[in-house]
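These are my notebook entries on a structure that I am reading for the first time.

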Number of protein chains: 2
Amino acid sequence: MSSFPESVEICEVGPRDGLQNEDPIAVEQRVQLIDALSATGLRQIEAVSFVSPTAIPPMAGAEEVMARITRVPGVTYRALVPNERGAERAIAAAADELEVVVSASETHNRRNVRRSVDESIDGAKVLAGMAHDAGLPVDGIVSTAFGCPYEGDVEVAAVAAVAARLLEGGADSVSFGDTTGMATPRRVDALLDELDRIGVPSACVGLHFHNTRGTGLANVLMGLTRGVRRFDASIGGLGGCPYAPGATGNVVTEDLVHMLEDMEIATGIDLDALIECAHLAQHLVGRDLPGQVMRSGPRTRRGEAT
Amino acid sequence: MSSFPESVEICEVGPRDGLQNEDPIAVEQRVQLIDALSATGLRQIEAVSFVSPTAIPPMAGAEEVMARITRVPGVTYRALVPNERGAERAIAAAADELEVVVSASETHNRRNVRRSVDESIDGAKVLAGMAHDAGLPVDGIVSTAFGCPYEGDVEVAAVAAVAARLLEGGADSVSFGDTTGMATPRRVDALLDELDRIGVPSACVGLHFHNTRGTGLANVLMGLTRGVRRFDASIGGLGGCPYAPGATGNVVTEDLVHMLEDMEIATGIDLDALIECAHLAQHLVGRDLPGQVMRSGPRTRRGEAT
């Protein structure tokens, strides 16, 4: 019999990573979605990104979103911040935790933020200092951690080194982003080996997979068997993938919770309420989302016996 | 570092399990699909079912399909047989291997074939005798092995007992069917524990998952870590699920091969040729299939760096 953790933490990224890759919806609708999610038992919600609204229109109005949501005690509302201006805005808007992103791939980092990886790591240190001064924790996200759409494979040593430098620079935890869905269980296994080797404890590791090539939940399973207990997912599978039109984006929150709960791994989340949120998300973006349990129903659903 | 087998065997079930759950297509198109599949390196193809064409119209003309395909040396063309008449037809049509099915759930078995599980096991013994007399191997398929849409959970002891009785009755191997997509990794793990306990060797075990609730490849991963080396999958994800309109059916062959090959687990299959088959399958059934790698391309696909 294999061994699994008794419980895991799910971070819902639909309102940020998901909606960022959809056509913009109104602030009011984003607030509605976040409030519905915070009522399911989810304790971590990536709510907004304090980026330039010109650069990323779906994330415009982050202050307004943060001001209008109904804060649920015990729920951490996270905000992605790309720079000092973003960090100032996030702190002023009373985000509970900040997220800083550095790509493990030089080409991807330069293309995204026009800086070298070194420059972004230096920038992340400054942002971590600002967060700590405000009493907030910081998650350092290493993107393209399982491959880069420009460079191809990224060495695990390079990925782990970026994570180690973010932790040294003040990040309280690190997450590894499978930005374009290139992870397979072997690559998850290999990265966790390297993190073990350099002494990054699995307790501060989060995994963020995209299901672009169908391996999302298999990658989560590999993480689970290796002791990881924090996973990102997106309600209904909100968010496409800019490099693969028609392909799905993040791991689907309700599909993940459905699998975990049947594995007797507690998430603290009400699956039925989560499925309602997935239908709401689908309604708000006006297109069919890739979530499967929202269509098939949970495995406990019964057919009619004759 | 986790350990995985060096190679696995994939049985392509699209032409039977897949097409059986689609609107009927012409014999000529079924032959075209099977011939395209046999050119990819696949060595096991479930080609037809010798059922009553009135009961299951998409499987009509099984003799004609078997007569018109171009047999590739080394490829095993399998045929599902529900009864003695079916076995006679399959043997006359020169199928290479016969499949017999018994449900682990009494309700599901009675509803499907109007017989008790005991009666179906007795029938399977007769079919195995007929196959062996003709020099052919028999795979015993235990359906609803991870749950029944009518009865709910099915005890692993009951599932394993059906498998053991099929093996005692002459089956050369056994496969476990996740008929309506109710498997999760924990249930795979628990069934394999029980098979170990009663002495069914993993070498004669095959796993057949449906991705109805997104867990297909995670279930395969669990099987791999437990030593299973034979998995069914359907090209493009052909085949819906009668209990979940809009939900996907079998594990997608090209998505499975894509994951396995990146994990350095050899399948002997040409992924590019397989993706072409998935596009062909989509064209033949005239609807979008759920396969993801056929849309996103393999992980080795590169974007344009600026």
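I take two strands as paired if DSSP finds at least two bridges between them. The model I am reading is a predicted one.

**Entry 1. Strands of chain A**

I looked up the partners of strand E1 (residues 9–12) of chain A. E1(A) is joined by 2 bridges to strand E2 (residues 44–49) of chain A, and the two run parallel. I noted the bridge partners in E2(A): Gln44(A) for Cys11(A), and Ile45(A) for Glu12(A).

E1(A) also pairs with strand E8 (residues 230–233) of chain A, in the parallel sense and over 4 bridges. There I found Ile10(A) opposite Phe231(A).

I then followed E2(A) onward. It pairs with strand E3 (residues 76–80) of chain A over 5 bridges, again in the parallel sense. In E3(A), Ala79(A) is the bridge partner of Val48(A).

How many residues of E2(A) are buried? I count a residue as buried if 20 or more other C-beta atoms lie within 10 Å of its own. By that rule 6 of the 6 residues of E2(A) are buried, so this strand is largely enclosed by the rest of the structure.

**Entry 2. Helix H11 of chain B**

I checked the length of helix H11 (residues 271–285) of chain B. Its 15 residues, at 1.5 Å a residue, should span 21 Å, and the end C-alpha atoms are 21 Å apart, which agrees.

Next I listed the buried residues of H11(B): Leu271(B), Leu274(B), Ile275(B), Cys277(B), Ala278(B), Ala281(B) and Val285(B). Viewed down the helix axis, the buried residues of H11(B) fall within an arc of 155°, so they line one face of the helix. I recall that an α-helix has 3.6 residues a turn, so residues three or four places apart point the same way.

Against what do the buried residues of H11(B) pack? I found helix H1 (14–18), helix H2 (27–38), helix H10 (253–262) and helix H12 (293–296) of chain B. After H11(B) comes Gly286(B), with a positive phi near 70°.

**Entry 3. Arg114 in both chains**

I looked for a positive phi outside glycine. Arg114(A) has one, near 55°, and lies in the loop between H5 and helix H6 (117–133) of chain A. Is Arg114(A) buried or exposed? It is exposed, with 8 other C-beta atoms within 10 Å.

In chain B, Arg114(B) has a positive phi of about 55° although it is not a glycine. Its place is the loop between helix H5 (106–113) and helix H6 (117–133) of chain B. Arg114(B) counts as exposed, with 8 C-beta neighbours inside 10 Å.

**Entry 4. The two copies and their contact**

I asked what rotation superposes chain A on chain B. It is one of 180° with 0.0 Å of shift along its axis, and the RMSD is 0.0 Å. That is the relation of a two-fold axis. Ala218(A) is the residue of chain A that comes closest to the rotation axis, at 1.9 Å (C-alpha).

I then recorded the contact, which takes 45 residues from chain A and 45 residues from chain B. On the side of chain A that touches chain B, the elements giving two or more residues are helix H5 (106–113), helix H8 (185–198), helix H9 (216–225), helix H10 (253–262) and helix H12 (293–296) of chain A. By class, that side has 17 nonpolar, 17 polar and 11 charged residues.

Definitions and conventions:
Residues numbered from 1 in each chain as written. Chains lettered and ligands numbered in written order. Predicted model: local features only at pLDDT ≥ 70, side-chain atom pairs only at ≥ 80, totals over all residues. Contact = placed C-beta atoms within 7 Å. Nonpolar A, V, L, I, M, F, W, Y, C, P; charged D, E, K, R; others polar. Expected span 1.5 Å × (residues − 1). Buried ≥ 20, exposed ≤ 12 C-beta atoms within 10 Å, placed from the backbone. Arc of directions from axis to C-beta. Least-squares fit on C-alpha atoms with pLDDT ≥ 70 in both.
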